[in-house]
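Colleague: I am new to this one. Please show me how to read its features, one at a time.

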Amino acid sequence: MSSFRSDFLRTLHERGFIHQCTDPEGLDALAAAGGLPGYIGFDATADSLHVGSLVQIMMLRWLQKTGNKPVVLMGGGTTKVGDPSGRDESRRMLTDEQIGQNMAGIRKVFSQFLSFGEGAADAVMVNNADWLDRIEYIPFLRDVGRHFTINRMLSFESVRLRLEREQPLTFLEFNYMILQAYDFMELSRRLGCQLQMGGSDQWGNIVNGIELTRRIDGRELFGLTTPLITLASGAKMGKTASGAVWLNTERLSAYDYWQFWRNTEDADVGRFLRLFTELPLDEIARLERLGGSEINEAKKILANEATTLCRGAAAAEEAAETARRTFEEGSLAEGLPTIEVAAPEIEAGIPVVDLLVRAGLAASKGEARRLIRGNGARLNDAAVADEAAALRTADLTGDGTAKLSAGRKRHVLVKVL
């Protein structure tokens, strides 16, 4: 369906967010009326979300910007179980204290993207441990479990793939889809939630919640999923040589976050501007028509806009200025990511291979050696030619720092304690 009446679905369609929808016409009518509560669930497996969750976060933001109500469901309960979708092994078991700490970190992410409060379109955050921790096993099996057949559960891709690969699937994880379906029904009762959104891998879990609520409560709910976001090269979105692209400042500096977007492949610029910024579509169309070196200006705009949304305008401006000074003036800009080393280490000489790993510029010593062999490692802008090279006191500048680089775009300042 391409001619949506609601601002919400029309915006999502035009920007490329929609993959599947259970009832486009019915959902469009609800969204057009305004005040539609919709939710997405996020398990607390780390103290930050990463760029792989950003499409879902932007959907919640557009939900709010078009007069509807975003609900952020924190998986304080389901994190204890583990979603088997897209996984070959069981999730590491976390304590209640670890889950609580992770949830506190994730809350910081949403404070950048959503406005929370008591109003009709203000976002709310809830924790599914509030009801899942109180479930009584036998009543739950009788009231909810009877609506799920093993035959159907075995047909779900998350289960089928794990079994086909002969990877263990615990009974604990097997219950995840039932608990997620129950979450949808519980949120429809507590907050009037009529919409669950998520990535395409969550389609089966979302449909389960719709069917469960229809059978038990006789209420109609809706589901909406986004496509899997991959790079033009086919690589998974949000993964780099140095690890995940985290949304929290504590995990990743604003400069590195800005650089991630600045390094977008040419073929992805237009799509990422539509998904990860709020620039008008006609401006995006102009930017993606740029060719040659001009496409770099579009990438800078993407980096500025995406960083502003996640880290604020001041952080985006500082990151952009740091990049300009580093690349255009060749200076050791203070805004670069910094690692600190003890003076005795410098005096003894730290192998550049080890330093590249410590700085996050290489994932392993083997990768660091390959970087050096390929002439990709630089110390103070000079190529490192010897795999046995070390950083010593003589390599430091007057302010006691050295610039370590991987390629032309990734730099870290090494500072003596």
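Modeller: Start with exposure. Buried means under 20% relative accessible area, exposed means over 50%, and partly exposed lies in between, with a 1.4 Å probe and protein chains only. Take Asp217: its relative accessibility is 33%, so Asp217 counts as partly exposed.

Colleague: What kind of model is this, and how are residues numbered?

Modeller: This is a predicted model, where local features need pLDDT of at least 70, side-chain atom pairs count only at pLDDT 80 or more, and totals for chains, interfaces and linings use all residues. Residues are numbered from 1 along each chain as its sequence is written, and side-chain values use heavy atoms, with hydrogens and water left out.

Colleague: What is a salt bridge, and how many does the structure hold?

Modeller: Side chains of opposite charge can pair when their charged atoms come close. The cut-off here is a side-chain nitrogen of Lys or Arg within 4 Å of a carboxyl oxygen of Asp or Glu. The structure holds 18 salt bridges.

Colleague: Which residue forms a salt bridge with Asp217?

Modeller: Arg189 does, with the closest N and O atoms 2.8 Å apart. This pair links distant parts of the chain: Asp217 sits in helix 11 (residues 203-217) and Arg189 in helix 10 (residues 176-191), 28 residues apart. Helices are DSSP runs of H or I with at least four residues, strands are runs of E with at least two, and both are numbered from the N terminus. Arg189 has a relative accessible area of 43%, so Arg189 is partly exposed.

Colleague: How many residues apart are Lys300 and Glu297 in helix 15?

Modeller: Three; because of that spacing in helix 15 (residues 295-311), about one helical turn separates Lys300 and Glu297. They form a salt bridge, with the closest N and O atoms 3.5 Å apart. Lys300 is partly exposed at 23%, and Glu297 is partly exposed at 44%.

Colleague: Which residues does the network of salt bridges link?

Modeller: The network links Arg61, Lys65 and Glu278.

Colleague: Now helix 4. What span should its 18 residues have?

Modeller: The expected span is 1.5 Å times one less than the number of residues. For helix 4 (residues 96-113) that gives 26 Å, and the end C-alpha atoms are 26 Å apart, so the two agree.

Colleague: Which elements do the buried residues of helix 4 pack against?

Modeller: Contact means heavy atoms within 4.5 Å. The buried residues include Ile99, Met103, Ile106 and Phe110. The partners of helix 4's buried residues include helix 3 (54-65), strand 3 (69-75) and helix 15.
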